[in-house]
Amino acid sequence: MALLTIRDITMSYGTDPILDRVSLQIEPGERICLVGRNGEGKSTLMSVLAGTLEPLTGQRVAAPGLKIAMLSQKVPLDLSGSIFSEVARGLGSHGQLLQQYHDLSRQVADRPEPELLAKLDRLHHRIE
């Protein structure tokens, strides 16, 4: 069963459609990349996929229990950490593990001591 399907989605802002009868199906394990020029409808499509924007026409069907998260294009003014830490924060407990792994990897790069290497190895196995 597909994780997410959209069929014949149409969206417009004004007279010209930005999405014109777009259909897409995302299966479990698939990885997709969305590339295009500014103003071509990438953000609109992502908002429809996430369910935060209702299409003018067409249908969106999500698998039961599917969670979709989106990172805003607008950078918050109150950020105190790195981009990596902000993205990791949005990944919940997985992001916390990735942040710890990232931080520890940087420490090991500066000081490749046996204690730090062992700690990194244990953390690596937790992430797998």
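Let's start at Leu-45: setting aside neighbours within four places in sequence, Leu-45 is in contact with Ile-6, Leu-19, Val-22 and Leu-34 (contact meaning heavy atoms within 4.5 Å). Keep in mind that this is a predicted model, where local features need pLDDT of at least 70, side-chain atom pairs count only at pLDDT 80 or more, and totals for chains, interfaces and linings use all residues. Residues are numbered from 1 along each chain as its sequence is written, and side-chain values use heavy atoms, with hydrogens and water left out.

Leu-45 also sits in the largest nonpolar core, a nine-residue group that includes Leu-4, Ile-6, Leu-19 and Leu-49. Such a core is a set of buried Ala, Val, Leu, Ile, Met, Phe, Trp, Tyr and Cys residues joined through side-chain atoms within 4.5 Å, with buried meaning under 20% relative accessible area (1.4 Å probe, protein chains only). Strand S1 (4-12) gives the most to this core, four residues. A second, separate core has six residues, among them Leu-104 and Leu-123.

Now for the open space. Helices here are DSSP runs (H or I) of at least four residues and strands runs (E) of at least two, numbered from the N terminus.

Terms used. Buried < 20%, exposed > 50% of the residue type's maximum accessible area, 1.4 Å probe, protein only.
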